[in-house]
Amino acid sequence: MKKIKKGDIVARKSHGEDIIFYVKRIIVNKKQPIAILCGVKERIEADSDIEDLTLIEKDFIKRYLLEEEKKIKERMQKKYKIGIISKEESRFKEKIITGKILHLDGDRRYSQKSYNYYNKLGLNAVVKNIPEYKQPKVVYQLLKIYQPDILIITGHDGMIKRGTNYNDIYNYRNSRYFINTVKEARRYDKENEKDTVIFAGACQSYFEAIILAGANFASSPARILIDFIDPLIIAEKVATTNRYKYITIDDIADELKEGRKGVGGIGAEGKMKYV
């Protein structure tokens, strides 16, 4: 058996190999080395004994990623270069400006994929790869620099003891960082008279606390897995919706992996405008 190392693509035998992960890092202790894992497709972080992991064959990984890419391409084919705008509507407008997006992502791979997604849709987006624990420290300054209409705060998360202690912030791997980042963003709004639309969270995140901190949309009401693309869909929808229209989760749920179980919120006004 090959030795598991950082960067390997693996699955957990004890979980029926249901989720594909990459090994973020390995912690060596006196008993048994522990691997810290991040989902290849889902925004989940977990840990596992090395002995419980099995390496995934390269051919399977290739097929897995090609299937993901196919789904993204199919979604893009349904849209125009500048988003969800009809030809008839555009005839009567001089210029369409979609909402500006600032996206902070704790996962380097997801950051690049997110940038590619926004770019292919022609959206005005800045994507920064910033570890979850650093996001609260840098968000205020980044908001001042880029002055976005929409802020996406995400990466990986997960419950340490799944199914229990729902109201214990320390039972979530990264939710406290998302919560504090939202609070800092709202401090920026208050001090600079802004009204940023915010999505925050990842898989199994502490939904209620993130919303209470001031997010418009957050994951995960049912403490389930969300797809890496779910936050991008929220950003896209807000950016390409007329600023005089209010968007609720009902307008977006059908496009998300698990609908309202994966993402909820109080809604927001669109950020697209005509000039």
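## Helices α1 and α3

Helices α1 and α3 are roughly parallel to each other, because angles under 35 degrees count as roughly parallel and this pair packs at about 25°. The model is predicted. Helix α1 covers residues 58-77. Its axis lies 11 Å from that of α3. The crossing of α1 past α3 is right-handed.

From α1, the contact takes in Glu 68, Glu 69, Ile 72, Arg 75 and Met 76. From α3, it takes in Lys 113, Asn 116, Tyr 117, Lys 120 and Leu 121. Sorted by class, the residues where α1 meets α3 are 5 charged, 4 nonpolar and 1 polar.

## Helices α3 and α7

Helix α3 (residues 108-121) also packs with helix α7 (residues 230-239). Their axes come within 11 Å and cross at roughly 30°. That angle makes α3 roughly parallel to α7. The crossing of α3 and α7 is right-handed.

On the α3 side, the contact residues are Ser 114, Tyr 117, Tyr 118 and Leu 121. They meet Leu 232, Ile 233, Ala 235 and Glu 236 of α7. This contact of α3 with α7 has 6 nonpolar residues, 1 polar and 1 charged.

## The mixed sheet

An open sheet of 6 strands runs in the order β8-β7-β9-β10-β11-β13, with mixed pairing.

Strand β9 (residues 150-154) pairs with β7 (residues 101-105) in the parallel sense, over 5 bridges. In that pair, His 103 stands opposite Ile 152 of β9. Strands β9 and β10 also run parallel, joined by 4 bridges. There, Leu 151 stands opposite Ile 198 of β10.

Which way do the side chains of β10 point? Val 197 and Phe 199 point one way, while Ile 198 and Ala 200 point the other way. All of these are buried. In a regular strand, side chains alternate between the two faces of the sheet.

## Helices on the mixed sheet

Helix α5 (residues 175-192) lies across β9 and β10 (197-200). The helix runs at about 160° to β9. Helix α7 packs on the sheet too, touching β7, β9, β10 and β11 (217-218). The direction of α7 makes about 175° with that of β9.

Is α7 mostly covered or mostly uncovered? It is mostly covered, with 10 of its 10 residues buried. The buried residues of α7 include the charged Asp 230, Glu 236 and Lys 237.

## The antiparallel sheet

A further open sheet has 5 strands in the order β4-β3-β2-β1-β5. Its pairing is antiparallel. Strands β4 (45-49) and β5 (53-55) stand at the edges with a single partner strand each, so one side of each has no neighbour in the sheet. From one strand to the next, the twist averages 45°.

Within this sheet, β2 (residues 21-27) and β3 (residues 34-39) run antiparallel and are joined by 6 bridges. Val 23 stands opposite Leu 37 of β3.

Key: Residues are numbered from 1 along each chain as its sequence is written. This is a predicted model: local features need pLDDT of at least 70, side-chain atom pairs count only at pLDDT 80 or more; totals for chains, interfaces and linings use all residues. Side-chain values use heavy atoms; hydrogens and water are left out. Axes are lines fitted to C-alpha atoms, for helices over the stretch in contact, and angles run from 0 to 180 degrees between N-to-C directions. Helices (H or I, at least four residues) and strands (E, at least two) are DSSP runs, numbered from the N terminus. Angles under 35 degrees count as roughly parallel, over 145 as roughly antiparallel, 65 to 115 as roughly perpendicular and the rest as oblique. A crossing is left-handed if the near helix is turned anticlockwise from the far one by less than a right angle, and right-handed if clockwise. Contact means heavy atoms within 4.5 Å. Two strands pair if DSSP finds at least two bridges between them. Buried means under 20% relative accessible area, exposed over 50%, partly exposed in between (1.4 Å probe, protein chains only).
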